[in-house]
Amino acid sequence: MPRILITTDHLRPGDETDRHLRAHGHTTVHSPLIGRRDPEDLVKALDGIDAALVGHEPLTADVLSRASRLRAVVRTGVGYDTIDVVAAGRLGISVSNLPGVNANAVAEYTIGLLLAAARGLVQSATGVAAGGWPRDDGRELRGSTLGLLGYGAAARAVVPLAQAFGMRLLCTTGVPEDERTDASVSFVDLPELLAAADYVSVHTALTERSRGLLGAAAFRRMKPTAVLVNTARGAVVDERALADAVRTGQIAGAALDVVSEEPLAADSPLRGVEGIVVYSHLAGQTTEARAAAGLQGAAEVVAALAGRPRFAVNAHLLPRPPSSGGTG
C-alpha cells in the first residue's frame, strides 16, 4: 500500500482528503507543518513515503535526494517555489500544483485589502482599541485605477469584483496575447502600469525573473498616493526598498499578505512603518478553498502515483516512459 505523507496544516486524519486517499488503497501519515521544520526532521518524515501532499515545506534538492521511495509531490495550492522542481525531475519525482483552486478566495481577499487600505480600517480599529476615536477621511475605490501584476486565475477573478466597484483595470503579464481574453482590461507594460495605477496588486508567480521585481526603481515610478497590495509571494517585493518608499512618502502604503520570511521576522524592515500593514498569509485560506484543495490534491496524488499526473509543473523534466512499440 503506497504511503502518503500529508504536511498541509489544515488537513486532518479522518477528513475528506484522508478518506479519499484511503479509499484508493493508500496509507496516510499526517505530520502537519506549523512554523518551521528542521530539514533533518523532514527527511525522517519522508522515509518510506511514496507521495507527499504538502503546504509550504522546503523540499530542497538535498531533502528530495534522500527520499528514496518518493515518486510524487502535490502542493495544496498554486505556488511551488519552495520545491526544487528541477532536482525532483532529475530524480523522477513529479511535482504538481493545483492551478486556480483558491482563485476566488484570493480575489475576494484582494478586494478586502483594497477596501481596508482605502478606508484605513486597520488604523481605525487599532486607534479605538488604544482608547482613541480616529476620524480620518478615507477614499472610494470608484473611479480609481487598479494595476494587476500577472493574469493568472486569481488576477482574472479580481477583474469582475474590481469592476463592480467602478475601478479601471490595467494588467502587465507574460501571458500570450491570444490568452488575454478580457477586452475590458488594458494590457500595458510594467512602467506604464506603475505610473498610472492607484493600487498595484501582485498576482505573479515567484521566479528568478520576478524576484525583487518591485524595488526602488519601481516605487519611484508610482504615484505618491498609490498603495501596493501583495497576495502572491513576498520575495517579489524588495522589502527594504518598500519600507523606505513608504517612510519617505514616495508611495502611500502597502497591504501585504505575504512577506519574504514567514512569520514576519522581528528585525524585518517592514515593522514599525506607518502605512504598511502586514497580514498572516490568509488570502487562500477559506473553508471552501481548503476543502477543494484537499480533495483536488488527493485526486492528484492518486493520479500521479498511477503515472498520470494532471498538473505536473515539471512534466518536461521527468524521464520518458519506455516506448511500447514492437520491433518489425
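A crossing of two helices is called left-handed if the near helix is turned anticlockwise from the far one by less than a right angle, and right-handed if clockwise. Helices (H or I, at least four residues) and strands (E, at least two) are DSSP runs, numbered from the N terminus.

Colleagues, the structure above is a predicted model, in which local features need pLDDT of at least 70, side-chain atom pairs count only at pLDDT 80 or more, and totals for chains, interfaces and linings use all residues. Residues are numbered from 1 along each chain as its sequence is written, and side-chain values use heavy atoms, with hydrogens and water left out.

I begin with a helix pair. The axes of α1 (residues 16-23) and α11 (residues 287-305), lines fitted to C-alpha atoms over the stretch in contact, come within 8 Å and cross at roughly 20°. On a scale from 0 to 180 degrees between N-to-C directions, α1 is therefore roughly parallel to α11 (under 35 degrees). Their crossing is right-handed. Contact here means heavy atoms within 4.5 Å; Glu16, Thr17, His20 and Leu21 of α1 meet residues of α11 including Gly294, Leu295 and Val302.

I turn now to the interior. A nonpolar core is a set of buried (under 20% relative accessible area, 1.4 Å probe, protein chains only) Ala, Val, Leu, Ile, Met, Phe, Trp, Tyr and Cys residues joined through side-chain atoms within 4.5 Å. The largest such core has 32 residues, and Leu242 is one of those with the most contacts inside it. Helix α10 (239-247) provides the largest share of this core, five residues. Beyond its neighbours within four places in sequence, Leu242 touches Phe219, Leu228 and Ile276, among others.

Notes
Angles under 35 degrees count as roughly parallel, over 145 as roughly antiparallel, 65 to 115 as roughly perpendicular and the rest as oblique. Buried means under 20% relative accessible area, exposed over 50%, partly exposed in between (1.4 Å probe, protein chains only).
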